[in-house]
Amino acid sequence: MLMSEGHDQPGAPVSHLSEQALAQIAWKKCLDIIRDGLHNLQSFKTWFEPIVPLKLSGQELTIQVPSQFFYEMIEENYYSLLKRALMEVMGTGAKLRYSVLVQAAQAETPVVARIPEKKGKHTPAALPKVISHANGKQTKEAQDLFANNVHRFESYLNPKYRFENFVKGDCNDLAHAAAKSVSETPGKSSFNPLVIYGGVGLGKTHLIQAIGNHARENNKAKFVMYVSSEKFTIEFVNAIQNNQAHEFSAFYRNVDLLIIDDIQFFERKEKTQEEIFHIFNTLHQANKQIVLSSDRPIKELKGIEERLLSRFQWGLTADLQLPDYETRRAILQRKLEENSATLDESIIDFIATNMTSNIRELEGCLVKLLATASLNAKSIDLPLAKNILRDSVRERSQTVTIEMVEKAVCEYFGISANDIKGKSRKKEIAFARQMAMYSAKKWTKSSFKTIGLHFGGRDHSTVIHAVNAIDKNADRSEEVRNTIEELHKRLEIMSL
Ligand SMILES: Nc1ncnc2c1ncn2[C@@H]1O[C@H](COP(=O)(O)OP(=O)(O)OP(=O)(O)O)[C@@H](O)[C@H]1O
């Protein structure tokens with residue numbers, strides 16, 4: 001083990017070294033192993049050189065990473081290598097703790113990593129035996145013991161899911177407001193249970209975990225438990241097999257705020273539904289909060305007992321809709337800020353315009369771009385971004401239409417469709433109209449006649465005149481050339 005090896009600091013007994021010095025020595029050794037294992041100096045420089053070893057206590061090494069994104073990239077891509085290095089240097093009991101530097105001005109957020117075990121395990125069966133009860137009822141003694149041990153049980157909440165980084169929009173207004181309210185006064189409002197439903201990747205897990213994190217950090221609920229219905233079911237089956245069904249039941253009946261994700265997974269699982277039914281009743285009667293998520297409205301769940309369905313609808317049900325363009329942009333901006341990264345506006349536009357069906361995909365595009373930029377140490381421009389994301393957006397490509405031209409021109413000049421189609425001869429509007437006709441001729445397959453009809457029922461000769469006028473202007477004026485180019489760029493983005 002590292003602490004018994006004195007040769008790194010000749011003459012200095014290792015035991016006298018500070019935790020920080022020990023961390024530096026251990027990390028330096030780990031880096032040697034990682035460098036050898038990577039075969040790619042650039043990746044090593046990008047992902048490992050910026051890491052600062054903070055302290056080594058026993059076999060637990062704490063390292064500081066610059067951002068959450070960094071932490072996730074390392075866990076995602078270099079977990080095995082990192083684990084091997086740590087175990088070689090510090091032995092099989094090695095543990096790693098990340099400290100994520102959120103922003104220079106903010107406090108650090110510690111994240112406990114999972115080495116050597118990648119996934120944390122929460123086993124209600126790990127409760128002390130004495131919690132078990134006679135005839136399904138807990139003794140007072142057992143309850144007290146539970147209360148005194150609450151701090152020992154993990155909530156299985158991911159600290160990254162917070163209200164602060166959940167972007168509000170028309171698509172999630174009610175769900176967000178209800179979630180905030182529940183997190184402030186769990187169990188005390190009529191929103192019990194609170195059910196959040198919505199399609200894949202629209203933020204259900206984020207929002208329900210934000211409730212748990214907020215309630216826990218602000219002491220609104222003592223024992224918060226987050227569990228997916230899949231995990232709940234597996235644990236329940238295990239508990240039955242190990243004769244620990246009573247302990248299992250007792251564990252969940254003691255929770256102050258119970259959050260269950262993806263309840264559609266309970267469909268057709270009769271035994272598990274029965275268990276949930278009893279837990280639900282106990283918690284509800286005791287004014288404990290229940291939060292559920294589902295991928296569809298409760299009424300559409302099939303193979304779930306009526307009595308359970310009706311209970312799920314006792315409180316408030318709120319849905320998450322697909323985010324609109326503005327919300328998609330705001331989410332991208334927020335994710336960039338979180339990673340202290342920037343991207344050209346045109347790239348943000350490109351992603352927000354094309355990734356419309358799922359926020360996880362939206363995020364995925366961003367991560368792909370940032371990772372490429374970082375790994376190749378080069379900045380990303382729009383053509384490169386399109387190239388990197390071509391697989392994600394390929395199916396969406398379409399041809400430019402007159403409607404797109406109208407939208408792009410209106411947005412660019414800040415005027416309405418009625419202005420363009422109307423009779424106004426005001427200089428700016430007449431110019432925008434000519435520009436619209438010019439762009440429609442240039443980038444769509446429409447005839448002069450169709451374009452004229454679209455833009456206010458004008459004659460085809462008016463369109464020919466507009467196209468010639470803009471062509472001439474472009475020869476003379478850089479400003480006009482820039483406008484054409486910008487409109488072209490926006491149309492390209494819209495059509496991908
Ligand atoms: N309004 C939002 N603001 C910021 N980030 C969001 C928002 N909605 C979703 N996200 C992010 O999108 C990703 C997917 O969200 P999440 O996992 O919560 O979706 P989900 O609805 O639970 O998906 P699934 O149906 O697959 O379980 C997460 O990284 C989450 O942080």
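Which of the 19 residues around the ligand come nearest? Hello everyone, let me start there. They are Val167, Gly203, Lys204, Thr205 and His206, where a residue is near a molecule or strand if its C-beta atom, placed from the backbone, lies within 6 Å of it.

A word on what you are looking at. This is a predicted model, in which local features need pLDDT of at least 70, side-chain atom pairs count only at pLDDT 80 or more, and totals for chains, interfaces and linings use all residues. Residues are numbered from 1 along each chain as its sequence is written.

Back to the ligand. Helix H7 (204-217), helix H12 (325-338) and helix H14 (359-375) are the elements that give two or more residues to its shell. When I say helix or strand, I mean a DSSP run, numbered from the N terminus: H or I with at least four residues for helices, E with at least two for strands. By class, the shell has 6 nonpolar, 7 polar and 6 charged residues. Here Ala, Val, Leu, Ile, Met, Phe, Trp, Tyr, Cys and Pro count as nonpolar, Asp, Glu, Lys and Arg as charged, and the others, Gly among them, as polar. The ligand lies between domain 2 (150-320) and domain 3 (325-396), because both give residues to the shell; those bounds come from an automatic or database domain assignment.

Now, the sheet. Five strands form an open, parallel sheet in the order E6-E7-E8-E5-E9, and strands pair if DSSP finds at least two bridges between them. At the edges sit strand E6 (224-228) and strand E9 (316-320), each pairing on one side only. On average, neighbouring strands here are turned by 15 degrees against each other, direction ignored. E6 and strand E7 (residues 257-261) share 5 bridges in the parallel sense, and Met225 stands opposite Leu258 in E7.

Angles run from 0 to 180 degrees between N-to-C directions, and axes are lines fitted to C-alpha atoms, for helices over the stretch in contact. Contact means that the C-beta atoms of two residues, placed from the backbone, lie within 7 Å.

Two loops are worth a look for backbone geometry. In the loop between H7 and E6 we find Asn219, whose phi is near 55 degrees, positive in a residue other than glycine. Pro193 is in the loop between helix H6 (173-184) and E5, and the peptide bond from Asn192 to Pro193 is cis, with omega near 5 degrees.

There is also a hairpin. Strand E1 (residues 52-57) and strand E2 (residues 60-65) run antiparallel, joined by 5 bridges, and Val52 has Gln64 as its bridge partner in E2. The hairpin has 2 residues between its strands, and Gly58 in the turn has a positive phi of about 60 degrees.

Last, helix packing. How do helix H17 (residues 402-413) and helix H19 (residues 427-443) cross? Their axes come within 9 Å and cross at roughly 145 degrees. The contact involves Ile402, Val405, Glu406, Val409 and Phe413 of H17, with Glu428, Ala432, Met435, Ala436, Ser439, Ala440 and Trp443 of H19. Its residues divide into 9 nonpolar, 1 polar and 2 charged.

Then there is helix H9 (residues 245-253) with helix H10 (residues 270-285): the axes come within 9 Å and cross at roughly 35 degrees. Ser249, Tyr252 and Arg253 of H9 meet Glu275, His278, Ile279, Thr282 and Leu283 of H10. That contact has 3 nonpolar, 3 polar and 2 charged residues.
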